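Here are a few notes to go with the model, jotted down while looking it over. Have it open alongside as you read.

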Amino acid sequence: MKSRSQDQSLSDSRELDRSYDPLTGSIADDGELSTVCYRPEGLDRLVQQTKFSKKELQVLYRGFKNECPSGVVNEETFKSIYSQFFPQGDSSTYAHFLFEAFDTHSHGTVSFEDFAVSLSVILRGSITDKLNWAFNLYDLNKDGCITREEMTDIMHSIYDMMGKYTYPCMKDSAPRDHVDSFFQKMDKNNDGVVTIDEFLETCQKDENIMQSLHMFDNAI
């Protein structure tokens, strides 16, 4: 029977030579090692940081690693993957905004930790957590408020992503009309920007928004 110190030594050696995957519990072969340049720090830590179970994280990680064998995803790869869900339109601009929201450390890449933490907020977070994440997505320059210019860029990117041949057909003025509606609801003091407090207060009073936030609660 192996001692605890022997088990720890084996675990340490696997992680030192980077052959052991702490999330899947598997040992990578030589071919896989040649492509892997990053590994998550550990399953237990991610369980604490997210609202996913160990099993859920392992499933997510296998899917992530299948798409991104290197262990991280850059913006171009992220755009390519995201475009598969919107073949009828151009999702590149919205995917750029989404990538920046996932890339919380501004490294130019999204690690599995980045992905899992954000996905946990989107799927399992509290109402306030989800709204804060959405606000951060819309606040393109991360200065703490949403301007008309930022919201216009967001809306145009969404309409480009949905494509021109939607039914019913959308008017060219639709993005601008949505921005006007957004600011009419959100900009309580009419100063031309929407703060996080205004955003939270308005969203929490809107029944449709509240229902949409629960849409993906049981997605995993």
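1. Let's start with the largest nonpolar core, which has 48 residues; Met-151 and Phe-199 are the ones that touch the most other members. A nonpolar core here is a set of buried Ala, Val, Leu, Ile, Met, Phe, Trp, Tyr and Cys residues joined through side-chain atoms within 4.5 Å. Buried means under 20% relative accessible area, exposed is over 50%, and partly exposed lies in between (1.4 Å probe, protein chains only).

2. A word on provenance: this is a predicted model, with local features needing pLDDT of at least 70 and side-chain atom pairs counting only at pLDDT 80 or more, while totals for chains, interfaces and linings use all residues. Residues are numbered from 1 along each chain as its sequence is written, and side-chain values use heavy atoms, with hydrogens and water left out.

3. Back to Met-151. Leaving aside residues up to four places away in sequence, Met-151 touches Tyr-138, Ile-146, Val-179, Phe-182 and Phe-183 (contact means heavy atoms within 4.5 Å).

4. Which helix gives the most to the core? Helix 6 does, with seven residues. Helices (H or I, at least four residues) and strands (E, at least two) are DSSP runs, numbered from the N terminus. The buried residues in helix 6 are Tyr-94, Ala-95, Phe-97, Leu-98, Phe-99, Ala-101 and Phe-102. Their cover includes strand 1 (72-74), helix 5, strand 2 (109-111), helix 7 (112-124), helix 8 (127-138) and helix 9 (148-162).

5. Have a look at Asp-90 too, in the loop between helix 5 (75-83) and helix 6 (92-102). Asp-90 counts as partly exposed because its relative accessibility is 43%. Its side chain makes a polar contact with the side chain of Ser-92 (2.7 Å). For a polar contact, a pair of N or O atoms must be within 3.5 Å; within protein, one must be able to donate a hydrogen and the other to accept it, and residues adjacent in sequence count only if both atoms are side-chain atoms.

6. Asp-90 also reaches along the chain: not counting residues up to four places away in sequence, Asp-90 touches Ser-157, Asp-160 and Met-161.

7. Two backbone angles for your checklist. Ser-106, in the loop between helix 6 and strand 2, is not a glycine, yet has a positive phi near 55 degrees. Asn-190, in the loop between helix 10 (174-186) and strand 4 (193-195), also isn't a glycine and has a positive phi of about 55 degrees. Buried or exposed, then? Ser-106 is exposed, at 64% relative accessible area, and Asn-190 is exposed at 66%.
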